[in-house]
Amino acid sequence: MGQNLILNAADHGYTVVAFNRTVSKVDHFLENEAKGKSIVGAHSIEELCAKLKRPRRVILLVKAGQAVDDFIELLLPHMEPGDIIIDGGNSHFPDSNRRCEYLAKKGYLFVGSGVSGGEEGARYGPSLMPGGNEAAWPHIKAIFQDIAAKSDGEPCCDWVGDSGAGHYVKMVHNGIEYGDMQLICEAYDLLKRGAGFTDKEIGDVLAKWNKGVLDSFLIEITRDILYYNDEDGTPLVEKILDTAGQKGTGKWTAINALDLGMPVTLIGEAVFSRCLSAIKDERVRASKILSGPTPKFSGNKEEFVDQLEQALYASKIISYAQGFMLIREAGRDYGWKLNNPAIALMWRGGCIIRSVFLGEITRAYRKNPDLENLLFDDFFHDAIEKAQDSWRQIVSKSVLWGIPTPAFSTALSFFDGYRSARLPANLLQAQRDYFGAHTFHVLPECASKTLPEGQDIHINWTGRGGNVSASTYLA
């Protein structure tokens, strides 16, 4: 990633100083990929800082966590107030909050920037999500927007917000990435186990989808994966152990959603699906003990593919709607002024979740920056209405076939819950009051002298529980 970002910046006319703790890698880089380009090497941190003009702009691409703090401490003796330290790794946003405050007290400017697009994106144009000390932005704006991916001529990079806002938005991006990948995997499973498609046939389906509303990087690469055969002529993907890894950003998103009380259910299910995949040996044992239906497809396969496309599209809309709900709540809770149209544009190109679909999100937030929910925008409202019957058909089939679709299912459940003016939480709150005296509020239209509106009410449900209620609070 670091090497490719350096080459990218050099291609855009910037002189870049390259440093690696393993100095032999610097020499090898200069003698090969960097040869003839505006790239100079440094063999020590002192030399690195000495070769940079003021204000120094140092981008760190190291493993998230303690390594970032350690490297910052190594830099500081060779830097001066006003210099800029940029963390371009996958750091957790509370760490970026802390670093921003710590360095500001010492007179340095800190930027925590999300970088998405993988090695190829870093080389030819990533999505960049910078946040932190805003005084740094004028000094890095031109560089960042020059090297970033472009969408309809606009750079997929803008200032996100204060402190850890940049890494927060990258965290949510990665969480949505978890959701998108899980949805595609569930669609693959339904086509393969449910409808009996071969990998080549599924690849053909994805190739078709990639020309429509689902046009995206992840659909494109999944098509390529399903077309790829091993040396013996069989699909390589079928030889890969079905245990998925994770580095933590999806988990961070799910935990933060719980902390902020936001129902980001699809990302949560995507994380849990990876956890379930990891207990492979236990699943193998369970498969020999626990029974269930065997999928039997009947009907028109073309119609099924069209229904699945609409179900995937609708579920994807829900995932992004939930993601932007979380970003909105984080802005309120952390006091960040977040630019939703800019965030959607940053994800429009260069990054792993880039898709045509994101252009409509950008348009929706530009039309109404205070849009409460993506589902309230005419475009997404109409898309969900069109997809709804197919969505329900697919989730129903998956249940009857015994094929797990946690992401499809939770997306539909969220939609049905979100559109419900009344949920059974009235009974839940009564249960809480019954066993723990946790109190409840009464519906305004049902208020009375004994059940006053807007007050914490406790009922002695059995006549034996007493009239003392517990204190009320939200965790």
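Ser 163 lies in the loop between strand E8 (154-155) and helix H8, where helices (H or I, at least four residues) and strands (E, at least two) are DSSP runs numbered from the N terminus. The phi of Ser 163 is near 50°, a positive value in a residue other than glycine. This is a predicted model, in which local features need pLDDT of at least 70 and side-chain atom pairs count only at pLDDT 80 or more, while totals for chains, interfaces and linings use all residues. Residues are numbered from 1 along each chain as its sequence is written, and side-chain values use heavy atoms, with hydrogens and water left out.

**Backbone angles**

- Most residues other than glycine have a negative phi, and most peptide bonds are trans.
- Ser 163 counts as partly exposed because its relative accessibility is 24%, given that buried means under 20% relative accessible area, exposed means over 50%, and partly exposed lies in between (1.4 Å probe, protein chains only).
- Ala 437, in the segment after H19, also has a positive phi, near 55°, although this residue is not glycine.
- Ala 437 counts as buried, because its relative accessibility is 13%.
- The peptide bond that runs from Arg 54 to Pro 55 is cis, with omega near -15°, and Pro 55 itself lies in the loop between helix H3 (45-51) and strand E3 (57-60).

**Helix H11 and its surroundings**

- Helix H11 (residues 249-260) has 12 residues and reaches 16 Å from its first C-alpha to its last, which is close to the 16 Å expected at 1.5 Å a residue; the expected span is 1.5 Å times one less than the number of residues.
- Which residues of H11 are buried? They are Thr 249, Gly 250, Trp 252, Thr 253, Ala 254, Asn 256, Ala 257 and Leu 260.
- An α-helix has 3.6 residues a turn, so residues three or four places apart point the same way.
- Just after H11, the backbone of Gly 261 takes a positive phi of about 70°.

**Ala 411 in helix H18**

- Ala 411 has its place in helix H18 (residues 406-418), and this residue counts as buried because its relative accessibility is 0%.
- When residues up to four places away in sequence are not counted, Ala 411 touches Leu 266, Ser 315, Ile 318 and Trp 391.
- Ala 411 and Leu 312 are 99 residues apart in sequence, and their C-alpha atoms are 9.8 Å apart in space.

**Salt bridges**

- Side chains of opposite charge can pair when their charged atoms come close.
- The structure holds 30 salt bridges, each being a side-chain nitrogen of Lys or Arg within 4 Å of a carboxyl oxygen of Asp or Glu.
- In one of them, the side chains of Asp 11 and Arg 123 meet at 2.7 Å, N to O; this pair links distant parts of the chain, with Asp 11 in helix H1 (residues 2-11) and Arg 123 in helix H6 (residues 118-124), 112 residues apart.
- Asp 11 is partly exposed, with a relative accessible area of 43%, whereas Arg 123 is buried, with a relative accessible area of 14%.
- Asp 69 forms a salt bridge with Arg 98, and the closest N and O atoms are 3.2 Å apart; the pair links distant parts of the chain, because Asp 69 is in helix H4 and Arg 98 is in helix H5, 29 residues apart.
- Asp 69 counts as buried at 15% relative accessibility, whereas Arg 98 counts as partly exposed at 40%.
- Arg 419 forms a salt bridge with Asp 416, with the closest N and O atoms 2.9 Å apart.
- Salt bridges that share partners join Asp 69, Asp 87, Asp 95, Arg 98 and Arg 99 into one network.

**A nonpolar surface patch**

- Tyr 434, Phe 435, Ile 459 and Trp 461 form a nonpolar patch on the surface, with about 470 Å² of accessible area together.
- Such patches are made of residues with over 30% relative accessible area and no salt bridge, with like charges joined within 9 Å and nonpolar side chains (Val, Leu, Ile, Met, Phe, Trp, Tyr) within 5 Å, and accessible areas come from the Shrake-Rupley method with a 1.4 Å probe, only the protein chains shown counting as cover for residues.
- Ile 459 lies in the segment after helix H19 (425-436) and counts as partly exposed at 31% relative accessibility.

Methods
Contact = heavy atoms within 4.5 Å.
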